[in-house]
Amino acid sequence: MNAFKLNEEKKVKPGFVVPENYFEQRDFCGLSNPPKQLNPFNLKWTWTAAAVLVIGLSITYFTFQVTDSNEIDAQLAENYLLHEADLTSYEYADYLSESELTALVKIESNTNK
């Protein structure tokens with residue numbers, strides 16, 4: 001194997017040459033005025049407080065959205081009976097009590113007048 005002689009070989013010129021006194025002439029603001037460090041403890045507490053606030057408001061909002069389940073159940077049953085169930089008027093009457101039937105007869109007689 002041939003001996004490798006680093007100092008005797010041709011050297012490649014670099015593609016970019018820095019002008020003389022370049023770094024002394026330039027004013028590097030970043031090096032002379034370092035940025036102010038943020039206190040990570042305060043930043044952590046800020047994000048924690050924001051998360052607790054969002055969760056608290058979400059729980060409050062979704063908890064107090066009260067709907068009357070009896071009203072919804074009545075609407076669902078009525079819609080089902082009107083649109084989905086194939087019942088005759090006699091089958092509907094089987095599910096009503098005597099007092100409800102008499103009330104319906106009175107209402108119907110008042111509307112026919």
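## Surface patch

Phe-16, Val-18, Tyr-22 and Phe-23 make a nonpolar patch on the surface, with about 450 Å² of accessible area together. Patch members have over 30% relative accessible area and no salt bridge, and nonpolar side chains (Val, Leu, Ile, Met, Phe, Trp, Tyr) are joined within 5 Å. A salt bridge puts a side-chain nitrogen of Lys or Arg within 4 Å of a carboxyl oxygen of Asp or Glu. Areas come from the Shrake-Rupley method with a 1.4 Å probe.

Phe-23 sits in helix α1 (residues 22-25). Phe-23 is exposed, at 54% relative accessible area; exposed means over 50%, buried under 20%, and partly exposed in between.

## Model and fold

This is a predicted model: local features need pLDDT of at least 70, side-chain atom pairs need pLDDT 80 or more, and totals for chains, interfaces and linings use all residues. Numbering starts from 1 along each chain, and side-chain values use heavy atoms, without hydrogens or water.

The chain has 6 helices and 0 strands. Both are DSSP runs: helices are H or I with at least four residues, strands E with at least two. Of the 113 residues, 1% are buried. The accessible surface is about 11900 Å², with 61% from carbon and sulfur atoms.

## Largest pocket

The largest pocket holds about 170 Å³. A pocket is an open set of points on a 1 Å grid, with protein on both sides within 12 Å along at least five of seven lines; lining residues have an atom within 4 Å of a point.

Helix α6 (98-112) gives the largest share of the lining, 4 residues. By class, the lining has 6 nonpolar, 1 polar and 1 charged residues. Among them are Tyr-92, Leu-101 and Glu-108.

Technical notes
Patches are made of residues with over 30% relative accessible area and no salt bridge: like charges are joined within 9 Å, nonpolar side chains (Val, Leu, Ile, Met, Phe, Trp, Tyr) within 5 Å. Buried means under 20% relative accessible area, exposed over 50%, partly exposed in between (1.4 Å probe, protein chains only). On a 1 Å grid over the protein atoms alone, a cavity is a set of points where a 1.4 Å probe fits but cannot get out, and a pocket is an open set with protein on both sides within 12 Å along at least five of seven lines; lining residues have an atom within 4 Å of a point. Grid points are joined across faces, edges and corners, and a volume is the space filled by probe spheres set on the points. Ala, Val, Leu, Ile, Met, Phe, Trp, Tyr, Cys and Pro count as nonpolar, Asp, Glu, Lys and Arg as charged, and the others, Gly among them, as polar.
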